[in-house]
Amino acid sequence: MFSDHKTTNKYLALFTFFTSLIIYCLTLAPTASFWDAGEFIAVAHGLQVNHPPGAPFYSILGRIFSMFMPTEYVAVSINFISALASALTIMLLYLIIVRLVREWKGDVSEFSLMDKIGMYGGALVGALTFAVSDTFWFNAVEAEVYALSMFFTAIVVWLALKWSERHEDPYNEKWLVLIAYMFGLAIGVHLLNLLALFFVALIIYFKKKDFTYMSFGIMGILAVTSFFVIYPATIKWIPDWSSKVGGATYGLINPLVFIFLIMLAVAWGVWYTHKKKYRLANIAIISYAMILMGFSSYSVIMIRSIADPPIDENDPETVEAFVKYLNRDQYGDTPILKGNNYDDATGQITRGTENEELFPRRHSQDPRHIEYYGRYDSDWDFFWNYQVVHMYVRYFNWNFIGRASDIQDTGWQSGFSAPKYPSNKASNSYFYIPFLLGLFGLIYHFSTDKKRAFAVLSLFVVTGLAVIFYLNQPPYQPRERDYAYVGSFFAFSIWIGIGVTGLVDLIKSFIKENSMAAYAVIGLCLLASPVWMGYQNWDDHDRSDRYVAPDYAKNLLNSLAPNALVFTNGDNDTFPLWYAQEVEGVRTDVRIVCLSLLNTDWYIKQLRDQWSHESAPLPIDLTDDEVEQITSGISRWLPQDITIPVDKELLRRAFSEDTDYKEAIGVAGSEVPILQSGTDYEIPVDSLDDVVSWRLAGRYYGKDQEGNDIRYLQIQDRLILEILESNNWLRPVYFANTVSGESQLNLQDYFRTEGKAYRVIPKKMEAEVGNAYIDAEIHARRFRDFSHREWGNPDVYLDENIRRMMGNYRYNYLQLAEKFILQNQPDSALYWLEHGERVVPLREDEEVSTIIALYANRYAQLGKTEDALRLLDFSLDGYVKKLDTEFDRFQNIQNELTEISAQYEQARRNADIKAQRTLTQRNNTLVQQARSISQNIMRERQALIIVQYVYFRAGNDEQGLQIAEETNAKFEGSQIPLIPKNREESIRTGTQFGLN
């Protein structure tokens, strides 16, 4: 057995490939997911332009994979790219571990059977462990660039080791040239792959040179220089120079000629160095040429942008715009080595170049971030405790020790203590086993082959700590960022495999040759690491029946009247809608307006000038100069009344079959059927107000030195006002109901709830239920067309973001039921309550919310006491636990504030000004935290009051009294008011809350 290494190695490599591919195919998302996946699918299928800095090679592959697919299989075909790339990565990881073991063990033909078992078995354990690790598996089953980027990293590492084995062969440099081409192609996927260059440099160095400080230093300089030649010189500076060369040469050299000259210079360099037999220089220039060839995939970005596709982010159709696209100008600058920073003395961010600091970590101007920075004593404290520990070590532990849950900012767990979230499917414990194997592998690798171990260490560090340093992330990230460090987890998995090999070698040193012992160790490690991890992670990585994102998109789009425009919040609200329109062709008459993009000049101009399928350009009466002026920055705002007139005569014509409507909205001559008549408000035109008037307060920033509020409007706010004024109330305007209250511009009095959106109606209406007026007939009509595929399947994993969205749906159904109750239609109210619970049922893994208590109350109000009690009994423990958690946090902060007060008094006596300043800053931060937590407590207290009220109302007085007794025992003597002590108080409080 194992007599032929090539055959054995090939079959075991294929085994890892097919095993991982089967796992990923079984758990593959069948359609678009939330976050970037919807955008990547839409962009790839139509070969459009995604967010900066782009992924053109990924888009080209996506187009190839999907172009011949029926519509219903487009998404899964592009998702499959990630599954295939990930399976290939696992196969390459297996081969990498085998090659690294051979580096110090020598010729496989001289291995004993036990050595072969240790090598092959270790490689299997390391590769399969990474295959089912949390972060890598997450990326493997959806349309994202990280799986393909990881494949390029793996193939570069494998090719480097392949060259290492054949570095003395004739023409061995072909492997290095191929590596360069892989780097070039990878640029068109994600820049993270370039970090593998340092691994390649170390592999080459240790094969060609003996270690000396001088030679090692020169190698380091060459590696860093090579990196900078690629990024930023080639990727950013050459395009930038091409955009400026015209002005510098008075128009003699245009950008296209400049790029041609660069290519000509590289070609001449290849010819000249070959002619002169400058071998190293020739290889270097050929390698650079290969990088340029791979980088050429970016030409697709400009070519497709010139065609003005519906998704054309940053509109990079000119060289200047293309440079801004590559530089990610839309996201602003993040200081890396030097910049303005948080001042502990003033509690603000410094301004001006004279106040810039080295290593700025607390740099964000966001008021929430500034408040958060105050919790840390220094930049180093923030860097270490937040950016390193919270935003890297925590993710590392998720992958190799265990994860507590899928709740944002959740911690890690090992399994040796009771889980904090036992019902959460993402509560996974590995008992330190993968971590300990990898740690042992690291030590063992350095003890046996320091050179290659150092190369792996460089890969581990530059894809981990170096990424942390570069990203310089501020607090309050909108999502977990573990995917950014997957290369570091890949490197650690190499050591897991080597660690298992080391265990077999360790056993061999004690008991000599014993193949059965070796098989036992490998079998045990396979069960304890990849098999156990796969078992733990399967349920929260299985997306095979998850259709929530496209259903959410279709439901929102189908909530809108024909020819509407809808304001959405950001990526998660917008990308599924792009997918629904661009791939499935759903409601392409609707114009999606992403508010986060509405802060950019290019997006405003696109909306103003371009059609998108059947959707006409938006009514934006701004010149290019006015757009540039508005987008130059945010401006201060004084609260004032906004008035927009309503031309009813124009609306009468628009809502008739009069062709003047086309003239009114600027689409004269259009043959698009949807524009041949207007879309009315489903109420008589005469009932509309003559003027829409409301007070716009603006966004709160802080207070000035006199204590007056500082308020401002974002660019998006000004554009919303511009669109409302220029639209003349002709085109239906909606806000998605996920848009924040601040972004709704105090327009709620003119909102009418329609499905998942609020329509702006030029008629002030009273919101009897919720935050906006509800026309029960219109609202119900929208809901009847909604899709909820597999939402009620308890076996389908729904993450925290989706579960929170489910609560939003539940609230919509509750509102509709309440409206029917107000209209004295109890049968309709009960129907929608039951329908809402049927399509969005309660789940054991979701956190309870006030909505469930309100749901139960309406059941009780409609005489369905059994259903009311069922909901309460299901969720009572959750309410109590949430209140206990928040109350304990509040008490801990109160205790800490007391301690700080005593320390401050001591510092005052000692005249220690620095200590007083630090303690004051910490005290202010804790007071803000206590205020926030107390608001949470009051919210949970209110939910428990509602629960108690429903128990009393449903006739379960015993439970209602028990809630009062147990809760008030906690609150006694604290600042938190008690809850009602008996039935009479509860009923009276419920009446005050409007529960009856």
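**Strand pairing, cysteines and surface**

Modeller: Strand β15 (residues 751-754) pairs with β17 in the parallel sense over 2 bridges; pairing requires that DSSP finds at least two bridges between two strands, and strands (E, at least two residues) and helices (H or I, at least four) are DSSP runs numbered from the N terminus. This is a predicted model, in which local features need pLDDT of at least 70 and side-chain atom pairs pLDDT 80 or more, whereas totals for chains, interfaces and linings use all residues. Residues are numbered from 1 along each chain as its sequence is written, and side-chain values use heavy atoms, without hydrogens and water.

Colleague: Which residue in β17 stands opposite Arg-752?

Modeller: Strands of a sheet pair through backbone hydrogen bonds, either parallel or antiparallel. Here β15 and β17 are parallel, and the residue opposite Arg-752 is Tyr-773.

Colleague: Which are the edge strands of the open sheet of 6 strands?

Modeller: The order is β8-β7-β14-β16-β15-β17, with mixed pairing. Each edge strand pairs on one side only, and these are β8 (591-594) and β17 (773-774).

Colleague: Is Cys-594 buried or exposed?

Modeller: Buried means under 20% relative accessible area, exposed over 50%, and partly exposed in between (1.4 Å probe, protein chains only). Cys-594 has a relative accessible area of 2%, so this residue is buried.

Colleague: How many disulfides are there?

Modeller: A disulfide requires a pair of cysteine sulfur atoms within 2.5 Å. By this rule, the count is 0.

Colleague: Is Tyr-11 buried or exposed?

Modeller: Tyr-11 lies in helix α1. Its relative accessibility is 53%, and therefore Tyr-11 counts as exposed.
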